[in-house]
Amino acid sequence: MKVKVILKENIKGVGKKDEIIEVKDGYANNFLFAQNKAVPATDENLKKLKNKAEKNVKDHAKEVKKAEEIKEKINNKEITLAVKAGENGKVFGSIGSKEIVDEVKKVFGLTIDKKKIDGENSRMKELGLHDVEVKLHSEVKAILKVKLINKE
């Protein structure tokens with residue numbers, strides 16, 4: 001006999017978290033339920049799953065909206081960092097995401113996680129204007145212009 005269950009976690013070869021699957025009743029009772037890896041697909045549990053999915057959609061929409069608001073404030077805007085550099089325009093050391101995040105906080109009053117700054121473009125070693133990609137959300141990216149000037 002088969003029984004429908006809702007998985008509580010990803011199980012290799014069986015299914016993903018929050019997926020509704022049909023398995024043999026022995027497997028469900030002796031393994032999935034015993035190890036708290038699934039719950040029966042009752043009306044109550046299906047309703048909880050639906051509410052959880054709706055909440056996730058709302059939360060996702062809020063995150064995207066918040067990221068879009070930050071993007072509007074910093075996209076194609078310029079920040080200037082004064083750095084020590086040699087006569088050939090090479091920066092002593094390099095400017096990284098931490099310095100960029102600190103300057104964004106000072107100029108725009110926004111707190112951005114330094115991990116959201118694109119690592120490849122954030123290590124700047126020359127004076128001038130650089131475009132840095134800021135990944136605010138998986139769906140929202142902004143370009144920040146970082147100008148490095150020589151600190152006399």
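I'm working with a predicted model, where local features need pLDDT of at least 70 and side-chain atom pairs count only at pLDDT 80 or more, while totals for chains, interfaces and linings use all residues. Residues are numbered from 1 along each chain as its sequence is written, and side-chain values use heavy atoms, with hydrogens and water left out.

**Three-stranded sheet.** I found an open sheet in the order β2-β1-β3 with antiparallel pairing (strands pair if DSSP finds at least two bridges between them; strands are E runs of at least two residues, helices H or I runs of at least four, numbered from the N terminus). β2 (20-24) and β3 (38-40) are the edges with a single partner strand each, so one side of each has no neighbour in the sheet. Between β1 (residues 2-7) and β2 I got five bridges, and Lys2 sits opposite Lys24.

**Helix α1.** It lies across β1, β2 and β3, at about 100 degrees to β2 (axes are lines fitted to C-alpha atoms, for helices over the stretch in contact, with angles from 0 to 180 degrees between N-to-C directions; contact means heavy atoms within 4.5 Å).

**Aromatic rings.** Searching the whole structure gave me one aromatic pair (Phe, Tyr or Trp rings, the six-membered one for Trp, with centres within 6.5 Å; stacked under 30 degrees between planes, edge-to-face over 60, tilted for the rest). Tyr27 and Phe31 have ring centres 5.4 Å apart and planes at 25 degrees, so they count as stacked. They are four residues apart in α1 (residues 25-32), which puts about one helical turn between them.
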